[in-house]
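Dear colleague,

Here is the structure I said I would pass on. My notes on its salt bridges and one of its sheets follow below.

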Amino acid sequence: MGSSLSNLNDGTNGLSMGTSLGDIPESCVACVFMYLTPPEICNLAGLNRAFRGAASSDSVWDKKLPANYQDLLDLLPPERYHTLSKKDIFAVLSRPIPFDDDTKELWIDRVTGRVCMAISARGMAITGIEDRRYWNWNPTEESRFHVVAYLQQIWWFEVDGTVRFHLPPGIYSLSFRIHLGRFTKRLGRRVCHFEHTHGWDVKPVRFSLSTSDGQNASCEYYLDDVERDEALGQHKRGCWIEYRVGEFIVNGSEPSTEIQWSMKQIDCTHSKGGLCVDSVFINPIGDLKENRKKDFVN
């Protein structure tokens with residue numbers, strides 16, 4: 001049994017037992033790796049020398065990187081990447097890269113190699129944010145940016161943001177990460193407070209997005225509807241909820257795409273409060289070629 005496993009792994013067993021994985025040329029292994037995900041490639045790298053060599057090949061990892069990965073590298077100091085292999089560049093880009101005074105982050109998904117983005121509440125325009133009577137900045141480890149904007153009470157609620165970047169071609173979604181209620185830690189336990197939470201069941205909040213090439217999307221959500229949520233078995237209060245605003249398509253990295261978004265409830269007939277705004281996420285959800293193929297079939 002041990003002899004068979006040794007022969008399977010590296011093909012170095014002295015006994016002739018036919019063709020093994022160790023006999024496969026590294027170039028052939030590299031061709032197979034083109035169709036695997038990065039985690040799968042890393043898992044197979046330990047099988048034998050040929051697999052290990054193919055798993056480090058620039059030709060393999062060049063296919064896993066987004067076509068415009070240099071735009072992401074430009075956010076980093078050159079000394080951090082100019083001597084790296086493509087595999088190491090993939091590893092660097094799969095970790096968050098802060099920009100715009102650390103209010104935004106970019107990274108590539110470790111499985112798909114697609115570009116993701118997050119924008120902190122500090123990177124958005126929030127009506128009344130300078131006035132401590134309405135808003136406060138609360139530090140927390142529950143946010144990737146380590147701080148959230150907490151609304152105590154306001155009549156005119158509006159959050160706007162914009163970003164411009166050379167996103168790779170693909171289909172993207174935009175969502176807001178929001179929390180009803182204020183949370184603290186007491187004796188190591190998470191405790192939520194809802195003394196300021198009100199007004200979100202009176203009128204819906206309107207979410208919208210638009211892009212520089214004319215795409216638009218909008219939707220409305222009641223952020224707090226206790227009776228309806230309980231009937232559906234949902235619990236929004238005290239939980240982080242991602243509200244999906246819509247989707248947009250990027251056809252090419254040039255020119256850069258500008259995305260604008262907003263979240264507002266500006267009906268001044270009632271006040272609202274008790275809400276944490278964490279961030280906006282822009283995530284890839286599909287490949288442009290696959291989408292065109294579906295449209296063709298339809």
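Please keep in mind that this is a predicted model. Searching the whole structure turns up 13 salt bridges. Three of them are described here, starting with aspartate 62 and lysine 86, whose side chains meet at 3.1 Å, N to O. Aspartate 62 belongs to helix H5 (residues 58-64) and lysine 86 to helix H7 (residues 86-93), so this pair ties together parts 24 residues apart in sequence. Aspartate 62 is partly exposed, at 35% relative accessible area, while lysine 86 counts as buried at 18%.

The next pair sits in a sheet. Five strands make up this open sheet, in the order S4-S7-S14-S11-S12, with antiparallel pairing. Strands S4 (125-126) and S12 (216-221) are at the edges; each has a single partner strand, so one side of each has no neighbour in the sheet. Within the sheet, S7 (residues 157-165) and S14 (residues 257-265) run antiparallel and are joined by nine bridges. Glutamate 158 is opposite lysine 264 of S14, and the two form a salt bridge with their closest N and O atoms 3.1 Å apart. Since lysine 264 lies in S14 and glutamate 158 in S7, the pair ties together parts 106 residues apart in sequence. Lysine 264 is partly exposed at 26%; glutamate 158 is buried at 14%.

Finally, lysine 203 forms a salt bridge with aspartate 267, with 2.4 Å between the closest N and O atoms. Lysine 203 is in the loop between strands S10 (189-193) and S11 (205-211), and aspartate 267 is in the loop between S14 and S15 (275-286), 64 residues apart. Lysine 203 is partly exposed, at 34% relative accessible area, and aspartate 267 is partly exposed at 21%.

Regards

Conventions:
Residues are numbered from 1 along each chain as its sequence is written. This is a predicted model: local features need pLDDT of at least 70, side-chain atom pairs count only at pLDDT 80 or more; totals for chains, interfaces and linings use all residues. Side-chain values use heavy atoms; hydrogens and water are left out. Two strands pair if DSSP finds at least two bridges between them. Helices (H or I, at least four residues) and strands (E, at least two) are DSSP runs, numbered from the N terminus. A salt bridge is a side-chain nitrogen of Lys or Arg within 4 Å of a carboxyl oxygen of Asp or Glu. Buried means under 20% relative accessible area, exposed over 50%, partly exposed in between (1.4 Å probe, protein chains only).
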